[in-house]
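Please work through the exercises below with the sequence and the model open beside you. Each task is followed by a solution that goes step by step.

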Amino acid sequence: MLLRRFYDPKLAQASYLVGCTVTGEALVVDPSRDIDPYLQAADAEGLKVAHVTETHIHADFVSGARELAHRAGARLYLSEAGGDNWQYGYAGEAGATLLREASRIEVGTVELQVLHVPGHTPEHLTLLVTDSATASEPMGAFTGDFIFVGDVGRPDLLERAARVRGTMQESARLLFRSLQRFRAQPDYLQIWPGHGAGSACGKSLGAVPQTTLGYEKRFNWAFGITDESAFVRAVLAGQPDPPRYFAEMKRINQAGPRLLGGIRRPARLPAGALASALEQGATVVDTRPAPEFGLGAVPGTINIPVNRAFTTWAGSLLPYDRDYYLIIDDRRGPTVDELVRDLAGIGLDRLAGYFGSDTIEAWRTSKGHLQTITSIGLEVTERQQPGAMRLVDVRGEEEWNAGHIPGSLNLPLGDLTQRLNELPTGRSLIVHCQTGARAAMAASLLRARGFPDVRLFTGGFAEWRAAGLEVETG
C-alpha cells in the first residue's frame, strides 16, 4: 500500500492518493479542482488513477472528483446516504457508483470500508482503510470533515451556508451520535482528516497533518462531552461566520462542477483596455498590498491583496455570474498561473483577462490622477461628529457582539456589497475591522461603489481596546 497526502495551505484542505503497488491501481480521496498533481504523482509511482471518491459535498472548494474521474477514465464513487432531500444531482449523469453504510471499494489489495457518519453534512462518509496484503483490520481512516486534529466538523453549514433551514440542531445531534459510534474503533486507528488549521469547516483545528483516534479520545474536546444536549450547545457555540462563497460551493458541488478540461491562463490585456472594462461595469481587482493600493489606485477598482486569505475573500467579493479582471504585479509574488488555479479552485472561472504591473502608471500618465484612501489613527475619536461621519465595523457579527466601538455600524465584509443600502449617504465613512486588513478591502469596495469620502482606521478595534477606550458588547 502507498499513501500520499496533498495539501493546499490557502484552503487548509487535504486530499489523498492511496495505491496498490501490486496491481498498479490508485484511489484519490477528496481531490481539489487542479487534478494534475494527482495524475503526476500516480504516474511517478507507476500507478493509474482508477478510482475517485469524496467524503461529502464540500462547502469550501470546488471538488475535482468529477473532473479527475473523467480525465483518468476512473470509476467515480459518491455518497447516497444523505436521504431524499440531500443527494448528488449529477451522480446518474456521471455514471457514479453510489456508496452507503458498509459499501466497499477495492483498490488492488487495499480495501476501503464505508461508514456513514452524518452530522457535518447528512451524506458524510468516513473510509476505513485496510492493507489486506498484510493485515485483516483497518490501519486508518479518511475522515473528511468528520474528525479533525483537535476538533470536529461544524454541523451548522447546511443551514448557514446551504440555507437548508432548521437543520442545525438536528445535525449537531447526529454528529454526537456518529462520534459515540466511532469511539468503538481501535485507539491505534490513524486519522487522516480533510482539513487543517485555518479552515472555516471547524473552529479549533490543529495544524499537524494526522492523528490517532486514541489521542483524539483523550484530548479532543468533542470526545470529552458525553451528554448529547451539552455537546449540541458546545459544538454550535462560537462557530465563525462561514465565508459567503460557501453557499455557492455547496450548490456547485451538489449539482455537479462543470468539466474544465484543464485550467488555462487568460490573456494579458494592454493597459488601455482597463478603461473600457471599468466603463462596462466589470469588477477589476487590484491584487497589490493594501498600503500600496491606498497610496494610488485606478478609480473603480477594488483591492484584494494576494496573501493566504486571498482565495477566501475573492470567493466572497467577486461575481460568479459575470466576467471579472485582475491587476497583477507580475514582477513579484505569485504567478498568474497560480492565481488562476486558486480562483478556479473555488469556482471563479470567469476571469476574462489580466493587466500587468505597468497598468497603474499608464493610467496615471493618460488620465492624470489615481485614487487614494486616507488612513487615520486614534484621532477617529475626535472625528465622530454627530451627523457628519459614521464608523463602519466590517468584522463578523460574533466579533462585533463580543466587543465594539460605541456608535459603530456592523456590516461584515462578506455581506457589504449586498447591504450598501444600509449606509448613510452624504456622510463620511470611517471603516475599521480588528487590525485593518478587512477594512482596507472594504474601503476599496466602498470607493468603487461610489462612496466619495471613505477613511481607513488602520489600527482598528485592537488599537481602540488597547488604548483603554469605551467598548460596548452585544
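**Exercise 1.** Determine whether S63 is buried or exposed, and where S63 lies.

*Solution.* Begin with the relative accessible area of S63, which is 4%. Buried means under 20% relative accessible area, exposed over 50% and partly exposed in between, with a 1.4 Å probe and protein chains only, so S63 counts as buried. Next, place S63 in the chain: S63 lies in the loop between strand 4 (48–53) and helix 2 (65–72), where helices (H or I, at least four residues) and strands (E, at least two) are DSSP runs numbered from the N terminus. Finally, list the contacts of S63 (heavy atoms within 4.5 Å); leaving aside neighbours within four places in sequence, S63 is in contact with P31, R33, E54, H58, N253 and P257.

The model is predicted, so local features need pLDDT of at least 70 and side-chain atom pairs count only at pLDDT 80 or more, while totals for chains, interfaces and linings use all residues. Residues are numbered from 1 along each chain as its sequence is written, and side-chain values use heavy atoms, with hydrogens and water left out.

**Exercise 2.** Describe which residues of helix 7 are buried, and what follows this helix.

*Solution.* In helix 7 the buried residues are F246, M249, K250, I252 and N253; N253 is also one of the contacts of S63. The cover over the buried residues of helix 7 includes helix 3 (157–160). After helix 7 comes G256, with a positive phi near 120°.

**Exercise 3.** Identify the residues with the most contacts inside the largest nonpolar core, and the helix that gives the most to this core.

*Solution.* A nonpolar core is a set of buried Ala, Val, Leu, Ile, Met, Phe, Trp, Tyr and Cys residues joined through side-chain atoms within 4.5 Å. The largest has 53 residues, and I304, L326, L423 and L446 have the most contacts inside it. Elements giving two or more residues to this core include helix 7 (246–255), strand 16 (324–327) and helix 15 (437–448), and helix 15 gives the most, with 7 residues. Turning to L326, and not counting residues up to four places away in sequence, L326 touches V285, T287, L339, L343, L351, G353, Y354 and F355.

**Exercise 4.** State how many helices and strands the protein has, and what part of its residues is buried.

*Solution.* The protein has 16 helices and 22 strands. Of its 474 residues, 55% are buried.
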